Amino acid sequence: MNEFEKLTDLDNLYESYIKCRKGTDWKASVQYFEANLFKNLSCLKTELENGTYKQKPFFEFDLNERGKKRHIKAMNIADRVVQRTLCDKVLNPILFKSLIYDNAASVKGKGIQFSRDRLKVHLQKYHRKHGNKGFVLLIDFSKYFDNIPHQMLLQKIAEKIDDERIIELVKYLISTFGEKGVGIGSQLSQTAGIFYPTELDNFCKIVKGCKYYGRYMDDTYIIHNDKEFLRQLLAEYKQVARKMGIQINSKKTQIVKLEKGFTFLKMCYVLKSSGRILVIPARCSIVRERRKLKKLKGLVNRKRITVEQAKEQYKSWRGNIVRYNSYLSVRTTDALYKELFGGKKNVKKSAEHTTRRNGK
């Protein structure tokens with residue numbers, strides 16, 4: 001079965017639909033699509049094979065996420081099925097072979113926790129050779145998804161995939177985002193965002209020999225004992241990025257001393273002289289959760305949600321945060337939760353358990 005046959009295979013299209021409907025099967029559009037599921041999937045197969053497939057218009061809206069206003073382009077269920085099949089069965093298995101090990105965003109078996117764990121491993125290895133005297137270069141892309149140039153992206157994909165029908169489909173899907181950029185809200189955008197900067201990853205890892213390097217989508221760190229080396233590296237990195245159409249955010253890109261601590265993926269890392277690594281949740285994460293609890297309380301009062309639903313949200317956040325050096329943050333947030341929702345008596349015991357886990 002060649003790559004295009006994988007895309008048009010009915011079993012693959014059906015598998016993609018099952019994944020796409022997860023969490024969205026309450027929507028009318030999804031229910032209408034499922035009412036004539038096999039007919040709709042057969043139509044998609046025919047349209048793809050005949051080259052007559054046309055994507056429906058985006059449903060566009062703005063989303064305020066963590067203080068940032070993001071423009072989202074949501075897709076119709078049928079188009080999501082096509083893109084999931086294209087990415088899961090064709091693009092990702094081929095393109096992701098080129099990724100470095102420490103590129104973890106949206107990669108199966110990896111993710112944000114993998115990136116945080118790898119950063120700790122890099123800090124531990126660095127400490128064995130150099131102690132905690134050194135620097136970390138933090139690089140952030142500016143409006144990354146909005147600036148990816150279509151022609152260069154297609155060229156890089158075509159270097160890995162030689163099926164012209166697949167390339168033509170990718171070219172068409174990318175063109176729906178406009179003249180430039182890939183937008184936010186589709187799986188193809190995610191795949192493009194993960195794969196496109198691979199040249200920058202290889203430049204740092206292979207050309208410059210950076211051992212302690214990692215990237216999560218548009219956030220990058222490089223650890224080194226020589227500050228001048230990092231300054232020169234950043235200058236060369238910017239040149240390569242400029243050729244690729246990637247803009248570097250000068251406000252967030254900086255070189256920081258390891259012993260003073262730095263923030264990566266909403267966590268503050270401090271490398272002690274003893275080799276101990278403190279991982280402290282960024283203050284904005286705690287503030288955001290406290291505000292969310294108060295909003296949830298308002299929703300409970302208006303009977304928009306139940307107390308049990310609010311509890312589940314808090315349990316999810318708390319289960320993640322207790323893995324870090326966060327005793328005081330957990331204790332104060334537990335107190336707020338108890339004040340708002342009448343928490344159980346074992347909150348204090350749970351906080352004390354967190355203390356023992358964090359070695360306080």
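**Close-up views of a predicted model**

**View 1. Arg 118 is a buried residue, its relative accessible area being 18%.** The model shown here and in every other view is predicted. Arg 118 counts as buried because 18% falls under the 20% limit used for that class. Its side chain meets that of Asp 102 in a salt bridge, with 2.6 Å from N to O. This pair links distant parts of the chain, 16 residues apart: Arg 118 belongs to helix 6 (residues 112–130), while Asp 102 sits in the loop between helix 5 and helix 6. Asp 102 is likewise buried, with a relative accessible area of 7%.

**View 2. Ile 100 lies in the loop between helix 5 and helix 6.** That loop also holds Asp 102, shown in View 1. Is Ile 100 buried or exposed? Ile 100 is buried, since its relative accessible area is 11%, and buried means under 20%. Apart from neighbours within four places in sequence, the residues in contact with Ile 100 are Lys 110, Asp 201, Asn 202, Lys 205 and Tyr 213. The C-alpha atom of Ile 100 is 7.7 Å from that of Thr 198, although 98 residues separate the two along the chain.

**View 3. A salt bridge joins Glu 199 and Lys 156.** The closest N and O atoms of the pair are 2.9 Å apart. Glu 199 is part of helix 11 (residues 198–207) and Lys 156 is part of helix 8 (residues 150–158), so the bridge ties together parts of the chain 43 residues apart in sequence. The two partners fall into separate accessibility classes: Glu 199 is partly exposed at 38% relative accessibility, whereas Lys 156 is buried at 17%.

**View 4. Glu 236 and Lys 208 meet through their side chains in a salt bridge.** The distance from N to O is 3.2 Å. Glu 236 lies in helix 12 (residues 227–244), and Lys 208 lies in the loop between helix 11 and strand 4 (212–216). The pair links distant parts of the chain, 28 residues apart. Lys 208 has a relative accessible area of 25% and counts as partly exposed.

View 5. The structure as a whole holds 16 salt bridges.

**View 6. Gln 83 is a buried residue in helix 5 (residues 77–95).** Its relative accessibility is 1%, which is why Gln 83 counts as buried. Which residues surround it, leaving aside neighbours within four places in sequence? Gln 83 is in contact with Gln 55, Met 75, Leu 173, Ser 186, Gln 187 and Leu 188.

**View 7. Tyr 14, Ile 18 and Phe 38 form a nonpolar patch on the surface.** Together these three residues have about 290 Å² of accessible area. Tyr 14 belongs to helix 2 (residues 10–21). At 35% relative accessibility, Tyr 14 counts as partly exposed.

**View 8. Arg 283, Arg 291, Lys 294 and Lys 295 gather in a patch of positive charge on the surface.** One of these, Lys 295, is found in helix 13 (residues 283–301). Is Lys 295 buried or exposed? Lys 295 counts as exposed because its relative accessibility is 61%, and the exposed class begins over 50%.

**View 9. The whole chain, for orientation, has 16 helices and nine strands.** Its C-alpha trace spans about 65 × 55 × 35 Å along the principal axes. The chain has 360 residues, and 46% of them count as buried. Among contacts between residues at least 6 apart in sequence, 72% join residues at least 24 apart. The accessible surface comes to about 19,500 Å², and carbon and sulfur atoms account for 49% of it.

Terms used: Residues are numbered from 1 along each chain as its sequence is written. This is a predicted model: local features need pLDDT of at least 70, side-chain atom pairs count only at pLDDT 80 or more; totals for chains, interfaces and linings use all residues. Side-chain values use heavy atoms; hydrogens and water are left out. Patches are made of residues with over 30% relative accessible area and no salt bridge: like charges are joined within 9 Å, nonpolar side chains (Val, Leu, Ile, Met, Phe, Trp, Tyr) within 5 Å. Accessible areas come from the Shrake-Rupley method with a 1.4 Å probe; for residues, only the protein chains shown count as cover. A salt bridge is a side-chain nitrogen of Lys or Arg within 4 Å of a carboxyl oxygen of Asp or Glu. Lys and Arg count as positive and Asp and Glu as negative; His and the chain ends are not counted. The place of a charge is taken as NZ of Lys, CZ of Arg, CG of Asp or CD of Glu. Helices (H or I, at least four residues) and strands (E, at least two) are DSSP runs, numbered from the N terminus. Buried means under 20% relative accessible area, exposed over 50%, partly exposed in between (1.4 Å probe, protein chains only). Contact means heavy atoms within 4.5 Å.
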